[in-house]
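These are my notes from an afternoon with one structure. I wrote down what I looked up, in the order I looked it up.

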Amino acid sequence: MARSSSKKPPEAPADPMPARIEPCVAMLVDKPPKGRDWAFEVKWDGYRLAVHVEPGRVRIITRGGHDWTDRFASISTEARQLGHETMILDGEAVVLDDKGRSDFGLLQRALGKKPSLHDPREILYFAFDLLYLDERDLRRLPLSERRRLLESIIVAGRAGFIRLSEEVEADGDEFFRIACEHGLEGIVAKRRDKPYHSGRRPEWQKIKCVRSDSFVIVGYEPSTMPGAIGRMLLAAKKGEGLVYVGGCGTGWTFQESTKLRELLDTIVTDQPAVALMRKSAVFTRPILVAEVEYRAWTQDGKLRHPSFKGIRQRADNAEVFSLG
C-alpha cells in the first residue's frame, strides 16, 4: 500500500514589489453603464496617489511619479499602522467641505506653503483599490476580489486619515442623479470582473455632473486691480502642439489672484506657446496646468463660462484636455 506523502505543497514565490504602478484611468462617458457587472463610487476631486507601504518606510507617489510623502505625513504615519509590511493602495487625497464634498481648491490651500485657513491634517485619503499585499501582486485579480481584500484592511465607516471609498449598491442613473443633486463632481463606474490595467481603460468610466478639465496656462492678462490677474489664458493639446481655448477670469479671490500673478511672473517668456495676438497679454512657459469648470464649448472652440479651480504641475498631470 502506497504511503501518503506528508510534504506540504511548495509555496508560490513572492512577487517583487513594483517601485511604481502607472494608475488605471477612467474614460469619460456621457451616462452610467447598465448591468450587474458594474460597481459605482463617488468621484473624488483631489490628488490621485499610490500609498506604498514597504519594509521600513512608506512612500506616497503621485500620478505623475513624484514622491510627495512629506506632504502627506498624517496619511504616511497611518498607513504604517494598517497591519501589513507590504502593501500598495490606490486612492485619492481630498479635503472635504462643510457638506462632506471633496473640494480641490481646499486641498490646494491645505498643501500650500503659505498660511491658510486649512490645516494639512484635514487631508483625508480615500482608498478605492488594493494593488499589492504581503508579497503578492493583486493586479491580476478581478476588482471584486481586490475590493474584498481592501475592505478587510480598511473597513467601511472607518474614521482616521485613511478611509474606504465605498461602493454604492444602486442603479447607475439614479446614483448619478442623486450625486449631482448633492453638488458632487460625478461618479465612477468599474467592472467588478476585470483585473487592474494601467492607462486609460474602458472598464473604468467616469460620469461628471459638471464639465471639469485641465488646460495648460499659456499666459495672463493683468487686472485693473494692482498686482492681480484679470484673465488666465488657457490652451488645450492638439496633435503635438497647443491651441488657445480662451481666458478664465473667475474662481479666485483677490488675494488668490495676486498669488497666482506672483507665481506666473516667475515663468514669463517672450515666446508664446500659442498663436495669439493680445496687446495686454503676458505670456508664460507652458509648464503649469489649470483645472477649470465650464458649461460648454462655443462654436469657435472656446470655453463657455469657465471658472478656475486650482493649479497642477503639468509634469504631474497627463490629462491635459486634447482636441484630437
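I took the pair E9 and E10, which run antiparallel and are joined by 5 bridges. For one example I picked alanine 189, whose bridge partner in E10 is glutamine 205.

Which residues of H3 are buried? I listed Leu143, Arg146, Arg147, Leu149, Leu150 and Ile153, within a helix that covers residues 143-153. Looking down the axis of H3, I see these buried residues fall within an arc of 165°, so they line one face of the helix. They pack against strands E2, E5, E6, E8, E9 and E10.

I counted burial here: 10 of the 10 residues of E6 are buried, so the strand is largely enclosed by the rest of the structure. I went through its partners next. E5 runs antiparallel to E6, with 8 bridges between them, and glutamate 92 stands opposite phenylalanine 126 in E6. E8 pairs with E6 in the parallel sense over 3 bridges; alanine 127 has leucine 164 in E8 as its bridge partner. E7 pairs with E6 in the antiparallel sense over 2 bridges. E6 and E7 form a hairpin with 2 residues between them, and aspartate 134 in that turn has a positive phi of about 50°.

Is aspartate 137 buried or exposed? Its relative accessibility is 12%, so I put it down as buried. Its side chain makes a polar contact of 2.6 Å with that of arginine 139. Leaving out residues up to four places away in sequence, I noted that aspartate 137 touches Asp15, Pro18, Leu131 and Tyr132.

The chain averages a pLDDT of 89, and 92% of the residues score at least 70. Over residues 114-118 the pLDDT stays under 50. Where pLDDT is low, the predicted coordinates should not be read in detail. I therefore leave that kind of stretch alone.

Technical notes
Residues are numbered from 1 along each chain as its sequence is written. This is a predicted model: local features need pLDDT of at least 70, side-chain atom pairs count only at pLDDT 80 or more; totals for chains, interfaces and linings use all residues. Side-chain values use heavy atoms; hydrogens and water are left out. Buried means under 20% relative accessible area, exposed over 50%, partly exposed in between (1.4 Å probe, protein chains only). Helices (H or I, at least four residues) and strands (E, at least two) are DSSP runs, numbered from the N terminus. The arc is that of the directions from the helix axis to the C-beta atoms. Contact means heavy atoms within 4.5 Å. Two strands pair if DSSP finds at least two bridges between them. pLDDT is the predictor's confidence in each residue, from 0 to 100. A polar contact is a pair of N or O atoms within 3.5 Å; within protein, one must be able to donate a hydrogen and the other to accept it, and residues adjacent in sequence count only if both atoms are side-chain atoms.
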